[in-house]
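Trainee: Could we go through this model together, one feature at a time, with the criteria stated as we meet them?

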Amino acid sequence: MGLKEKVVQIYEIFFQGDDPSCDKPNFWDEFFLLKVNIGHIESEFDKLSNESLLGLKDNLNLLFYKAVQALKEENPIRVINALHTLCALIRGVFKKSVGDFGFDVINILIGFDSAETVMQQMVENLNRILTEEYPVILKLQVLKFLQVLATATDNISQNTLLEYILINSVFESLIQILGNAALRQILGHDTVLVLTLFIQYRKYESANQYIVKLSILDDELALTGYAQVVHNALFDFNRSYAVRNIEPQGGWFSALASMVGNMFVADEKQIAAVRSNDSILLALYEAIHLNRNFITALTHTHTPSTPATPPSSPVLSPGNPLLNQVPKTDPALLEPTCQPTNLLVTFLEYSSVVLQDTKDETQHNNAKLCLIILTCISEDQYANSLMHDINMNFRVPLHRMPMRHRKMKVEKDISSRPLVCAVLDLMVEFIMSHMMKTFPLELYLKCLGITHRVLCYQKKCRVRIQYPWKELWTALINLLKFILSNEGSLVKRQNNIFHLSSKIMNIFNTFITYGDTFLPNPNSYDELYYEIIRMHQLLSYTTNDGESKDSAARLTNHLVNIRAIVNHFTPKVDAWSAAKQLSSLTEEQVLEVVRANYDTLTLKLQDNLDQFDRYSEKPREMGYFTQLVRSITVEVCQKIVVAKMLAKFPFKDPVVCGLAFLNPSTRGDLPSSSVTAVARRFPSVVPEHLLQQLEEEFTTYQVISASELPTYTPESTRVDQYWGQDKGWRSNCLTVESLVYASRTRPSILVQDIKIRNPSKNSVVVNLDQIGQTELKDAKVSKAR
């Protein structure tokens, strides 16, 4: 039986119900100097029945209490081991609590009588470490522990331990980190994640002080730091996406191969990257939704001279599997930029990537969150004033969805414009690129809502921007064409096309009624009427009964002015065409007729065109955000498990390090002894007397032509499959050694010693040819018998 670690022996005593600290005054001082074996603690919990777990209540309470007390120690080793012990206890007990046995987690872990006092002490100790002069690595460990605590259950609102985190807040400590530029570079992402998770706790059921404190936060440094953390994460995603989608320069064949590959190979990395950004997008949403002061940080302009990625965090010991997670990004992929930017610019670029493909549920949910954030921004008066400010111009690179008639690209020569132009461009692009059978009705409604909110602001403040409005009108008309062409199938899929069409008509009516207050010039008004006249075939719907009857009636009311314009100008245009004896008219000729007949046009003044229902998370989006938070907590837990597995994997083991010879791509880069070094560890597989033969075979494998080996492609061929193939090359490969001996006393005699080895089990016929005898005068050859 193998020897056990001392700490493992202590754990076993604890889980047997005994107290190893009895009559040992220095026990706990020594215990927290021992490296924590988290895996063993969790495995001990797995062995317990529910009744046995209840019987260990006193021991678990004692261990939890002593771990909290150890957080006061000045020795960082004791503090880290105490944090790891708390992590293991929390995960172990919560894992058991998902069963049918209804015990209380708090009572098992801490005990009802002392829970409030112990948790208060724990939070005070955590706050002290986060705010005072402690090593950064220790602060990071505290943040990782808080993540473990927050994600102990998939449904964060069922995590009763968080009640004590609300009573004894860490909010101020988190804000202090965000306001510190040096700490934020390393701890910012984890800090924002912890704050975002705590905000989600029972946010719809009771007063959450983290929500209240974030909503009234006016610390400019902290808000700017918060924005910088979100900016860094989105910036990294944007840059990685741009690097992955650089157009190949290898000619037509490369372009064709790339296109076919993109058609049939799912981009799993893209989906994983989008999923990992859910938490950072949720953090951005909460800041914008709750805190009006954050708008200033959202548009805070800076010119990065270095990559936005923060420097790598300190290297953590592999013995900290639950807490050692620091995101790393290769800075070589990120090029410095001299263009002024801000969080909103980066977010708009990110949205243009995510909104391209919404078929996958993960990307659909991420796209929905992006549009919700844009909805909150477009409702804010101050945000709109900044987006429309002609003195705040930015170049916003928007990525476009690849389609049959165009390549996927970003415009290289981007003009500098107010940010609202980029917002409208993003909406137009979405409208044009998502007319498909799996029609994303919900996303379209949000997109049209954002556009309408922007127009309402422009009408209210009489803001005129130089924007190609014709692109928006064309996109909306094309959407109407799609709806009418696919009316039957859309209705079958429970899509309320009348409600969607009403949103489109509201936008057109806003232009018709109030366009003179925000369109850049009278010609734009003329072009609007020209586009409406061309809509005359898009004003009839066949389905107007059933559940959509009320929506259809509202749509009919919204079509009054559109039909009036069509019915007024169409006869005028036809009459003018007949008078001029022209079968078809140019755009300028139609515009001439329009300008000449404004006076006789009668329109109905519609009410509430410049009004909209303000966004409210409750109750409309409660289900969406509940599910989103659940997926984020699961994602964080999965990262913890992966980190634990990686920490346990013996990367430095000689056998693992020596397995490089199995990679066919590196067969010529390794010494022949690399295979024997591994073989010596498995004498039952390769006996000692065969090691020389193994090395010779490996040498042959290294020098043989690649055409004689099985085909190997790193992207598609698994190593085990490669080595499982028939090695036909072995039957044709022999190792030959030849030595020639000369006699000192009889110089005319030469003896050649030839050794031939066959590494395979197959028989090989060897032909020996004699050459050179005729070159030597009087030479004779004899063969040894």
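Predicted model: local features only at pLDDT ≥ 70, side-chain atom pairs only at ≥ 80, totals over all residues.

Mentor: Residues are numbered from 1 along each chain as its sequence is written, and side-chain values use heavy atoms, with hydrogens and water left out.

Trainee: How many helices and how many strands does the secondary structure of the chain come to?

Mentor: Helices (H or I, at least four residues) and strands (E, at least two) are taken as DSSP runs, numbered from the N terminus. On that basis the chain comes to four strands and 35 helices.

Trainee: What percentage of the residues in the chain is buried?

Mentor: A residue is called buried under 20% relative accessible area, exposed over 50% and partly exposed in between, with a 1.4 Å probe and protein chains only. The chain has 785 residues, and the buried ones make up 48%.

Trainee: Which residues of helix H11 are buried?

Mentor: Helix H11 spans residues 171–178 and is mostly covered, with six of its eight residues buried. These buried residues pack against helix H8 (115–131), helix H9 (136–150), H12, helix H13 (209–215) and H14, where contact means heavy atoms within 4.5 Å. The buried residues are Phe171, Ser173, Leu174, Ile175, Ile177 and Leu178.

Trainee: At roughly what angle do the axes of H14 and H17 cross?

Mentor: The residues of H14 that meet H17 are Tyr226, Val229, Val230, Ala233 and Leu234, and their partners in H17 are Ile280, Leu281, Ala283, Leu284 and Ala287. By class, this contact has ten nonpolar, no polar and no charged residues. Axes are lines fitted to C-alpha atoms, for helices over the stretch in contact, and angles run from 0 to 180 degrees between N-to-C directions. The axes of H14 (residues 220–244) and H17 (residues 278–290) come within 10 Å and cross at roughly 145°.

Trainee: Is His399 buried or exposed?

Mentor: His399 lies in the loop between strand S1 (393–394) and strand S2 (417–418), and its side chain makes a polar contact of 3.0 Å with the side chain of Glu349. Such a contact is a pair of N or O atoms within 3.5 Å; within protein, one must be able to donate a hydrogen and the other to accept it, and residues adjacent in sequence count only if both atoms are side-chain atoms. Because its relative accessibility is 8%, His399 counts as buried.

Trainee: What kind of aromatic pair do Trp28 and Phe31 form?

Mentor: Both residues lie in helix H2 (residues 27–31), three residues apart, about one turn of the helix, and Trp28 is buried, as is Phe31. Rings of Phe, Tyr and Trp (its six-membered ring) pair if their centres lie within 6.5 Å, and planes under 30 degrees apart count as stacked, over 60 as edge-to-face and the rest as tilted. With 5.6 Å centre to centre and 80° between the planes, the pair of Trp28 and Phe31 is edge-to-face.

Trainee: Why is the pair of Trp473 and Phe511 edge-to-face?

Mentor: This pair links distant parts of the chain, with Trp473 in helix H24 (residues 469–485) and Phe511 in helix H26 (residues 497–518), 38 residues apart. Trp473 is buried, and so is Phe511. The ring centres of Trp473 and Phe511 are 5.5 Å apart, and the pair is edge-to-face because the planes lie at 90°.

Methods: Nonpolar A, V, L, I, M, F, W, Y, C, P; charged D, E, K, R; others polar.
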